[in-house]
Amino acid sequence: MDQMLSTKGVGKRQMTRRRSKTGATPGRCDPELAHVWLPYAQMKTVSPPLPVARTQGVRIFLADGRELIDGIASWWTACHGYNHPRIRQAVETQLASMPHVMFGGLVHEQALRLAERLARLLPGGLERVFFSDSGSVAVEVAMKMATQYWINRGVRGKKQFVAFHGAYHGDTLGAMSVSDLDSGMHARFAGTLPAQHIVDLPENPTAASALDKLLKDRSGTIAAIIVEPLVQGAGGMKFHDASALRHLRALADKHDALLIFDEVFTGFGRTGTMFASEQTQIAPDIIALSKALTGGTLPLAATVATAKLFDAFWSDDPEKALMHGPTYMANALGCAAANASLDLFEREPRLQQVADIAAMLAKGLNPCRGLTGVKGVRVKGAVGVVELDRIDNLDAMRARFIELGVFVRPIGNVIYLTPAFTISTDELETLMRAVVKVVQEQKH
Ligand code: PLP
């Protein structure tokens, strides 16, 4: 995901890449890396990743003894900080009785409780929870639900999706097809994926009427609109207003399309409310959740549908069932971690912490405004963004952040901070000072 514009990839041990005596690059010759295939990385030239010994709070402790303040909370998952005792305890307790049991023909207390809690927390009658194990799969399931919804209702041909420029919905084939292929890393797959409609968000009258026309003309083929509400994450940390989302709801209703919110990034407090949907006064038909669901502890995802959507699957006809079932669906350890994470949201002032972080980010990143090469500075909840005209050498910039004692991984032309909500004022200030310093050092 941080690869969407460039690389979600790995860190770097040194400023310059190590080479062996034979001149081979680290991916090939470094015995530690001989058998792994790293994410979003050209293995021949990739900078060696930083070996981590342990994590605690917002700190990453490296094997070589260095310590980094984490600015991105492991791709936005570790919202309570790493290794939170309550989540650890819940996982350990669950481990003692049952790490996992298949969800076909069997259920367990942790999953039932989590589903009930999510249904209670989510807005707009989203009440039927389908568990899976990653954000991409949660999106795939949402797309499958939307397509089959129309089939089950006897409407044939509605199988395409409308998605938006700047979107990122994951790395599996369906999720890639609704991501922005033109600007993102999936461009090389254009033409091999299912054809979808990737258009501008309806943020102005021209885009709104173009979308209205598209949905009208293609009403017979479009199953759903899919969007990351309020913040498009890995596609460039771009923000849009709730009004654009309300517009989507109205257009979806007008032209018989479903509306899917992908809250894999925005869910669980990141934008200032538990779910970004809450700031829109509308609700989607389906929502995809993952990432911070388990507080960054274990892989788990949920695709949640409204009763209206679920009713189309409720039948005596086996053909109308949703035929999906990941092996590790509703993993008991993951569900225990998620329940503990929700406990923390209930017991600790997380949303207040997000509001405080938002205020500090606005102030602390402000010095970047007006610096040479800075295109914009923006903050939404616990997301702080400095957009540059360009970043010439991402690897060098990432290494510079490491030198400054922080883990910050710019994507494309964007430096962003998405820290744990439990970060202290001092730690956040250290992160922001590092960002300002690195931006000042840029030569344009
Ligand atoms: N959807 C959004 C909005 C995301 O930000 C991401 C990952 O960054 C995904 C889906 C894919 O999630 P995963 O990497 O868990 O498959």
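At what angle do the axes of helix 4 and helix 10 cross?

## Basis of the model

This is a predicted model, in which local features need pLDDT of at least 70, side-chain atom pairs count only at pLDDT 80 or more, and totals for chains, interfaces and linings use all residues. Residue numbers start from 1 along each chain as its sequence is written.

## Helix 4 and helix 10

The axes of helix 4 (residues 109–121) and helix 10 (residues 332–347) cross at roughly 40 degrees and come within 8 Å. Axes are lines fitted to C-alpha atoms, for helices over the stretch in contact, with angles from 0 to 180 degrees between N-to-C directions. Helices (H or I, at least four residues) and strands (E, at least two) are DSSP runs numbered from the N terminus.

Helix 4 contributes Gln-110, Ala-111, Arg-113, Leu-114 and Arg-117, which meet Ala-332, Cys-335, Ala-336, Ala-338, Asn-339 and Leu-342 of helix 10. Contact requires C-beta atoms, placed from the backbone, within 7 Å.

An open sheet of 4 strands runs in the order 1-2-3-15, with mixed pairing. Strand 1 (52–56) and strand 15 (406–407) are at the edges with a single partner strand each, so one side of each has no neighbour in the sheet. Two strands pair if DSSP finds at least two bridges between them.

Strand 2 (residues 59–62) pairs with strand 3 (residues 67–70) in the antiparallel sense over 3 bridges. Arg-59 stands opposite Ile-69 in strand 3.

## Domains

Domain 1 (26–80 + 349–441) and domain 2 (85–347) are given by the domain assignment, which is automatic or from a database. Their centres, taken over C-alpha atoms, are separated by 26 Å. The contact takes 25 residues from domain 1 and 21 residues from domain 2.

Key. Two residues are in contact if their C-beta atoms, placed from the backbone, lie within 7 Å.
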